[in-house]
Amino acid sequence: MRDELRVPTERDLPPGRMTLRKDHLMREISRTEGGSHRRRISLAVLAPSAVLLLGATAVAANYLISPPPPETVAASVACYQEADLSASAAYKGSTGESPLDVCAKLWSSGQVDVSTTSVPPLVACPLGAEDPGTVGVFPNSDPTICERLGLARLPDGYEDAATSFAGLREALNERIGRTCVSLDESQGIVRDELDSRGFTDWQVATSSEQSDQAHACVVLGFDLQQRSVLLISSPAPGGGQENGATEPSPSPGG
Amino acid sequence: MASPSDAELWEKTASGSVAAFGALFERHARAVYNYCFRRTGDWSLAEDLTSAVFLEAWKRRERTPLVGESLLPWFLGVANNLLRNVRRSVRRHEKALERLALPADTPDFGDDAAGRVDDERQMAAILTAIRSCPRRDQEVLGLCVWEGLSYAEAADALGVPVGTVRSRLSRARRRVRELISSSGHEDSDRAALLRGVFAQAPGGADER
């Protein structure tokens, strides 16, 4: 009885489970924030009216003006730590800049591998079905690394496609992402931008969760595979954020 | 080559470095995991809560400056917030946790399993003893006594003044002693429970 009343000593998770938990965390982070877009829409409901993944980190998206196949679009870049698809990767949304340059910058700032700021030789390959719309950049000097990883080579012209998509994303960010825009107005804006930029075969879809009067602003999502822009209502500013955990700052006093 | 400090890793994390955040996970996950276990008495739940803590921490990275040298107090503060409503917290991260999808051959606890069952039984007894304390007092108990944080670190984690931490801990100790006195435990068991509850020396001395 006495022994049962003592605080148990600390335990580790078995090494395998710790690795799994960490890998899961990395995937979830990349999924919701880093621009990684696995197979479906990647959504990050931030503040109201936030565009999905603002600025340099954006959701991988689908397509553009004169499409090469979607899987070759560098709408998102994954800078891998090793030439291994199961390795950790740092994700960035494309701005049309060469994926090799994007990753070289991340390597040089220690954001791919915290233990070094040296930039290794890099090779870019479309991740294809592994991660549609994302280009993987791997540290390797072997030009056949794409084939060895079971990936295709990048086609000519993918940079133009990436630049076009980056322009679309930025335009929508400006018109919808930075202010609270209603669902009706958002639909018009998105259709206007898609058509004017040659994304005429793209659709505008709305989330099924919506139409709550209190949820007056819109968050955007991009679905590569469906070639659609998804509009999701989110709480209007000051409407109260759904709250699980909050900042660790409880009310004062005991 | 020296390991990067928490400050260095946090700066990179705030800039969006997933790798840096992964390093912080490796450094602090064990402490968070054990803290969550001691507060819940459930190893499996503690594992899920640990994932939830780091998912929440990532979301707050840009607006959370590092206070002090270690991020651990802040991670434990995030854990505290989640522990205030465990069901809601787990539900909030339900989809993410479902995607964890541990494969069939995931390493289980093996020989450790029996010990973990014992741990849960032990913690259940202790948590029963302290659950009549106000939640805020339990938090201080967990941070100062079980995690060994100083008053200042616990104050940072909870976002309250140091004096508040002291008074809550003092109240928690008194309350536990009252509970033991009223429970009819013999002196030996009372002493053992006290030792169990106050197993680690806090950053401050015993309060009276």
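Colleague: At roughly what angle do helix 2 and helix 8 of chain B cross?

Modeller: Helix 2 (residues 18-40) of chain B crosses helix 8 of chain B at roughly 135°, and their axes come within 11 Å. Axes are lines fitted to C-alpha atoms, for helices over the stretch in contact, with angles from 0 to 180 degrees between N-to-C directions. Helices are DSSP runs (H or I, at least four residues), numbered from the N terminus. This is a predicted model: local features need pLDDT of at least 70, side-chain atom pairs count only at pLDDT 80 or more, and totals for chains, interfaces and linings use all residues. Residues are numbered from 1 along each chain as its sequence is written, chains are lettered from A and ligands numbered from 1 in written order, and side-chain values use heavy atoms, without hydrogens and water.

Colleague: Which residues make the contact?

Modeller: B:Tyr35, B:Arg38 and B:Arg39 come from helix 2 of chain B. Helix 8 of chain B brings B:Gln138, B:Glu139, B:Gly142, B:Leu143 and B:Trp146. Contact means heavy atoms within 4.5 Å.

Colleague: New topic. How far apart are the axes of helix 8 and helix 9 of chain B?

Modeller: 9 Å, for residues 135-146 packing on residues 151-158 at about 135°. So helix 8 of chain B is oblique to helix 9 of chain B.

Colleague: And who touches whom there?

Modeller: B:Glu139, B:Val140, B:Leu143 and B:Cys144 of helix 8 of chain B meet B:Tyr151, B:Ala154, B:Ala157 and B:Leu158 of helix 9 of chain B.

Notes: Helices (H or I, at least four residues) and strands (E, at least two) are DSSP runs, numbered from the N terminus. Angles under 35 degrees count as roughly parallel, over 145 as roughly antiparallel, 65 to 115 as roughly perpendicular and the rest as oblique.
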